Amino acid sequence: MTQSSGAQRPVRVGQLRDIPPGSRIVTTIAGRSIGVFNVAGELFAVRNRCPHQGGPLCLGPTTGLLESDSPGQRRYGRQGEILRCPWHGWEFDLRDGRSIVDPQGLRVKSYDVLVGALAVETFPVVLEGDDVCVLI
């Protein structure tokens with residue numbers, strides 16, 4: 001996941017049980033709508049705004065990718081890791097926010113996700129249980 005250029009701070013968005021595998025939550029943090037996705041136990045967070053025309057990206061379906069190593073060979077993989085905008089179908093990789101069509105030139109903002117204990121600023125903060133935080 002992509003690190004932002006400034007100082008990051010954790011913001012609690014829920015507990016792990018609130019986001020079971022295959023689900024998502026969409027929340028607002030510091031005025032930004034952000035979706036947090038649980039893909040087979042891995043958590044990813046992206047901005048809920050498609051760079052194409054500003055659609056609600058995180059409300060779109062998640063899917064996988066049809067991949068090929070050679071002509072005539074294909075396999076369906078990465079189930080649940082690709083997010084498709086509900087307005088026009090633009091697709092983005094939840095792992096890094098990159099566009100599937102133009103990964104070098106187009107992306108959606110992605111955020112690091114923490115689960116459990118963490119340290120904040122210059123003093124330790126311990127979260128009991130399985131709280132989920134997004135670094136912004």
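This is a predicted model: local features need pLDDT of at least 70, side-chain atom pairs count only at pLDDT 80 or more; totals for chains, interfaces and linings use all residues.

Me: Where in the chain does Trp90 lie?

Reply: Trp90 belongs to the loop between strand 6 (75-84) and strand 7 (91-93).

Me: Which residues is Trp90 in contact with, leaving aside its neighbours within four places in sequence?

Reply: For a contact, look for heavy atoms within 4.5 Å. By that reading, Trp90 touches Cys50, His52, Leu57, Leu83, Arg84, Cys85 and Leu106.

Me: The loop of Trp90 sits between strand 6 and strand 7. In what order do the strands of their sheet come?

Reply: The order is 5-6-7, in an open sheet of three strands with antiparallel pairing. Strand 5 (62-67) and strand 7 are the edges; each has a single partner strand, so one side of each is left without a neighbour in the sheet. On average, neighbouring strands here are turned by 60° against each other, direction ignored.

Me: How many bridges join strand 5 to strand 6?

Reply: Five bridges join this antiparallel pair.

Me: Now to strand 3. Is strand 3 mostly covered or mostly open?

Reply: Start with the general idea: in a regular strand the side chains alternate between the two faces of the sheet. As for strand 3 (residues 32-39), six of its eight residues are buried, which leaves the strand mostly covered.

Me: How does strand 3 pair with strand 2 and with strand 4?

Reply: Strand 2 (residues 24-29) pairs with strand 3 in the antiparallel sense over six bridges. Strand 4 (residues 42-47) is also antiparallel to strand 3, over six bridges. Ile29 is bridged to Arg32 in strand 3, while Val39 stands opposite Glu42 in strand 4.

Me: And what do the turns look like in these hairpins?

Reply: Count the residues between the strands, then check phi. Strands 2 and 3 have two residues between them, and Ala30 in that turn has a positive phi of about 50°. Strands 3 and 4 also have two residues between them, with Ala40 in the turn at a positive phi of about 50°.

Conventions. Residues are numbered from 1 along each chain as its sequence is written. Side-chain values use heavy atoms; hydrogens and water are left out. Buried means under 20% relative accessible area, exposed over 50%, partly exposed in between (1.4 Å probe, protein chains only). Helices (H or I, at least four residues) and strands (E, at least two) are DSSP runs, numbered from the N terminus. Two strands pair if DSSP finds at least two bridges between them. Axes are lines fitted to C-alpha atoms, for helices over the stretch in contact, and angles run from 0 to 180 degrees between N-to-C directions.
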